[in-house]
Amino acid sequence: MSNPNVKPATGKLGIMVVGLGAVSTTFMTGVMMTRKGLAKPIGSMTQYDKIRVGRGENKKYLHYNEIAPIAKLDDIVFAAWDVYPVNAYESAINAEVLKEKDIEPVKDELMKIKPLKAAFDKNYAKRLDGDNVKQCKDRWDMMEQVREDIRNFKKETGVDRVVVLWAASTEIYVAPDKNVHYTIEQLEAAMKANDVDHIAPSMCYAYAALKEGCPFIMGAPNTTVDIPAMWQLSEETKVPIAGKDFKTGQTLVKSGFAPIIGTRMLGLSGWFSTNILGNRDGLVLDEPANFRTKEVSKLSTLESILVAEEQPDLYTDYFHKVRINYYPPRNDNKEGWDNIDIFGWMGYPMQIKINFLCRDSILAAPLCLDLCLLMDLAHRAGCYGTQRFLSFFLKSPMHDYTKDEVPVNDLFKQYVMLKNFIREAGGYEADQEID
Ligand SMILES: NC(=O)c1ccc[n+]([C@@H]2O[C@H](COP(=O)([O-])OP(=O)(O)OC[C@H]3O[C@@H](n4cnc5c(N)ncnc54)[C@H](O)[C@@H]3O)[C@@H](O)[C@H]2O)c1
């Protein structure tokens, strides 16, 4: 089977990553090591998962790339922007996520990735003080400079297509503003007027990417493409967007575990999530304004799975709190604790404790790969606007909040959307069968 409306994955795929820190370098190193046959891309759906296509006696289980044309790892070419000037090799060493033995074999390739100057404003991440930063007249100029970077990258490498992935620090919270973020005209006027309070640097990257015909993925919880003006731009340019916030550790557990409570009709009186982490991400999130962005994203998961309006006896007024504590000794090895207070038959209380010792960047790297490859596929399939089938990978899936649309946060419903997208991209019928 094949879908004639999906263009083949010919030529090279450029992946331009905003931020060259722990997540990005773990992602890049893993792809390069896999290409050499020295590592395995474990955790990646596009590299491992098999799904059923067809029904009855015609059914078969195939890998994604046997169903739809997905770019090969060998065809990926990387580039990055960062506030700090160190190359991807030095950054990978500094991040202390991977052992040197897992980096050295691709040292030469990594050293060639030298970060382009960042479109950056220190007010959006006070704890960062690198100087590899663009000098910009205003936000419009900032955006134009990013467009030029994308064009130069295409010219220098000859890549066929480019996807832009934000894996940079979380910016301070920017609330969607009806006077600035609701139409393309407003957004452009604010960029030209250098409205630095409402136009985050990430919006300049996103606007630039869409104008250059490159899908944009927001891996942090930033508002960036989660505003009506960007949805419109994505429709106008016919380039897809996705976001926001990689769903890796604690929220992954939450979106997988909450459906157990919800499907068994158990009650919830409280869910307290706390964790310690000590990497640069943790340092940035130690700043209250930056944490606020993360908090909004993390809190939204539960409320759309266990809904008070649907089951008032079970889910009215449960207490949900999320905390992140910066604790340097742990570096990238995060430890999360969840205390869940539930109640059952006749209201009797019970408790569940989850202690997850995870590695942040090890969990995020396969998501980066899958999101980039699937966004490229979506673009070749002619999709634009918010790609809701990618909610599976995201903590705070984008949805049209101006029309009271609700996000799908239940991991298993998200997986059905993902599988159906792959099936349709391969010319098969979407379905809901369980297997
Ligand atoms: N690892 C996870 O499990 C996970 C989960 C969800 C979201 N995230 C998000 O992914 C992002 C990356 O995480 P990380 O651990 O790699 O952080 P990191 O601090 O190691 O790397 C981020 C890099 O981004 C750079 N940066 C900041 N602003 C920039 C800008 N405007 N332009 C270019 N570069 C910029 C910083 O200098 C830094 O090197 C964070 O926003 C984090 O919240 C990570």
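Which residue in β10 does asparagine 275 stand opposite? Asparagine 275 stands opposite isoleucine 324. The views below come from a predicted model, in which local features need pLDDT of at least 70, side-chain atom pairs count only at pLDDT 80 or more, and totals for chains, interfaces and linings use all residues. Residues are numbered from 1 along each chain as its sequence is written.

**View 1. An open sheet of four strands has the order β10-β9-β11-β12.** Its pairing is mixed. Strands (E, at least two residues) and helices (H or I, at least four) are DSSP runs, numbered from the N terminus. Two strands pair if DSSP finds at least two bridges between them. β10 (319-326) and β12 (349-359) are the edge strands, each pairing on one side only. From one strand to the next, the twist averages 10°. Axes are lines fitted to C-alpha atoms, for helices over the stretch in contact, and angles run from 0 to 180 degrees between N-to-C directions. Strand β9 (residues 267-277) runs parallel to β10, and eight bridges join the two.

**View 2. Helix α10 (residues 250-263) packs on this sheet.** The helix touches β9, β11 (333-343) and β12. Contact here means that the C-beta atoms of two residues, placed from the backbone, lie within 7 Å. The direction of α10 makes about 20° with that of β11.

**View 3. Helix α14 (residues 360-380) lies across β9, β11 and β12.** It runs at about 80° to β12. From first C-alpha to last, the 21 residues of α14 reach 31 Å, close to the 30 Å expected at 1.5 Å a residue. That expected span is 1.5 Å times one less than the number of residues. Because 20 of its 21 residues are buried, α14 is largely enclosed by the rest of the structure. A residue is buried if 20 or more other C-beta atoms lie within 10 Å of its own, exposed if 12 or fewer, and partly exposed in between, with C-beta atoms placed from the backbone. Just after the helix, glycine 382 takes a positive phi of about 80°.

**View 4. A shell of 36 residues lies around the ligand.** Gly19, Gly21, Val23, Ala220 and Arg280 come nearest. A residue is near a molecule if its C-beta atom, placed from the backbone, lies within 6 Å of it. Elements giving two or more residues to the shell are α1 (22-35), β4 (76-82), α11 (280-285) and α14. α14 gives the most, with four residues. By class, the shell has 20 nonpolar, eleven polar and five charged residues. Ala, Val, Leu, Ile, Met, Phe, Trp, Tyr, Cys and Pro count as nonpolar, Asp, Glu, Lys and Arg as charged, and the others, Gly among them, as polar.

**View 5. Arginine 280 sits in helix α11.** With 20 other C-beta atoms within 10 Å, arginine 280 is buried. Leaving aside neighbours within four places in sequence, arginine 280 is in contact with Gly21 and Ala22. Aspartate 341 is 61 residues from arginine 280 along the chain, and their C-alpha atoms are separated by 32 Å.

**View 6. Strand β1 (residues 13-18) is mostly covered.** Six of its six residues are buried. Leu13, Ile15 and Val17 lie on one side, and Gly14, Met16 and Val18 on the other. β1 pairs in the parallel sense with β4 over six bridges. It also pairs in the parallel sense with strand β6 (residues 161-166) over six bridges. Isoleucine 15 has phenylalanine 78 as its bridge partner in β4, and stands opposite valine 163 in β6.
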